[in-house]
Amino acid sequence: MSLNTPEESEVILSHHTDAQWRRREQELVHWTAREKQHKHAKKTKLLGHINVDAELFPALVLLQQKQIATEFSCAGVSPLDEPEDHSLYAYLTIIASERAEQFVQLTMKRMRHRVLISFEPARNRYDLSSFYIGHNRPFCQMIQQCAESFEF
């Protein structure tokens, strides 16, 4: 499946059934309707000179060590998922390269339907995100496991 807009073209690389897409849509509807309680502010850690989400920090460090460049990341795990502090879906943006492509293939194979992977040719980058709402922490843990096992 690919999404094309006039501003930018994005190609979905991961595979999901119609039933999985429907479940994702239902989760979004339920999430927007339910009452949310604030537990704590988003936690960040310094990676170089940039504050990154603490949930993704271990994976980002491993990817950096394995020479896979990342651009953006967010893994808000608060039930509020406030736009300034949290992400509805945990995500990771990786700059395209041969090494990155191999990591993306490994991640797609290991995480299967739990990850949504797209490629933006105009920006030369991959976007990896949790496919379902409320799966941010497991997404971060699985990305870390993929990074741990990745060998170029």
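Reader: Which residues does leucine 128 touch, not counting residues up to four places away in sequence?

Author: Happy to start there, and please keep in mind that this is a predicted model. Leucine 128 sits in β8, where it is the bridge partner of isoleucine 117. Leaving aside residues up to four places away in sequence, leucine 128 touches Ala90, Tyr91, Leu92, Ile94, Phe103, Val104, Thr107, Val115, Leu116, Ile117, Phe139 and Ile143.

Reader: Which element gives the largest share of the largest nonpolar core?

Author: This core has 31 residues, and Leu128 is among those with the most contacts inside it, along with Ile94, Phe103, Tyr126, Phe139 and Ile143. Two or more residues come from each of α2, β6 (91-95), α3 (98-111), β7 (115-120), β8 (125-130) and α4 (136-149). In soluble globular proteins, nonpolar side chains tend to be buried together. The largest share of this core, six residues, comes from α4.

Reader: Which strand pairs with β7 over six bridges?

Author: β7 has antiparallel partners to consider. Strand β2 (residues 9-12) is joined to β7 by two bridges, with valine 11 facing phenylalanine 119 as its bridge partner. The antiparallel pairing over six bridges is with β8.

Reader: Which residue takes a positive phi in the hairpin of β7 and β8?

Author: This hairpin has four residues between its strands. The residue you want lies in the loop between β7 and β8 and is partly exposed, with a relative accessible area of 38%.

Reader: Where does arginine 112 lie?

Author: Arginine 112 has a positive phi of about 45° although it is not a glycine. With a relative accessible area of 48%, arginine 112 is partly exposed. Its place in the chain is the loop between α3 and β7.

Reader: What is the bridge partner of threonine 44 in β4?

Author: Strand β3 (residues 44-47) and β4 are antiparallel and pair over four bridges. Two residues lie between these strands in their hairpin, where glycine 48 takes a positive phi near 70°. Across the pair, threonine 44 has as its bridge partner aspartate 53.

Reader: Which element gives the most to the lining of the largest pocket?

Author: The largest pocket has a volume of about 250 Å³, and its lining divides into eight nonpolar, three polar and one charged residue. Among the lining residues are Leu47, Ile50, Leu60, Gln64 and Phe72. At least two lining residues come from each of β4 (50-53), α2 (57-65) and β5 (70-74). With four residues, the element that gives the most is β5.

Reader: In what order do the elements of the protein chain run from the N terminus on?

Author: The protein chain has four helices and eight strands. Of contacts between residues at least 6 apart in sequence, 64% join residues at least 24 apart. Read from the N terminus on, the order is β-β-α-β-β-α-β-β-α-β-β-α.

Note on methods:
Residues numbered from 1 in each chain as written. Predicted model: local features only at pLDDT ≥ 70, side-chain atom pairs only at ≥ 80, totals over all residues. Heavy atoms only, no water. 1 Å grid on protein atoms, 1.4 Å probe; cavity = no way out; pocket = protein on both sides within 12 Å on 5 of 7 lines; lining within 4 Å. Points joined across faces, edges and corners; volume = space filled by probe spheres on them. Nonpolar A, V, L, I, M, F, W, Y, C, P; charged D, E, K, R; others polar. Core = buried A, V, L, I, M, F, W, Y, C linked by side-chain atoms within 4.5 Å. Buried < 20%, exposed > 50% of the residue type's maximum accessible area, 1.4 Å probe, protein only. Contact = heavy atoms within 4.5 Å. Pairing = 2+ DSSP bridges.
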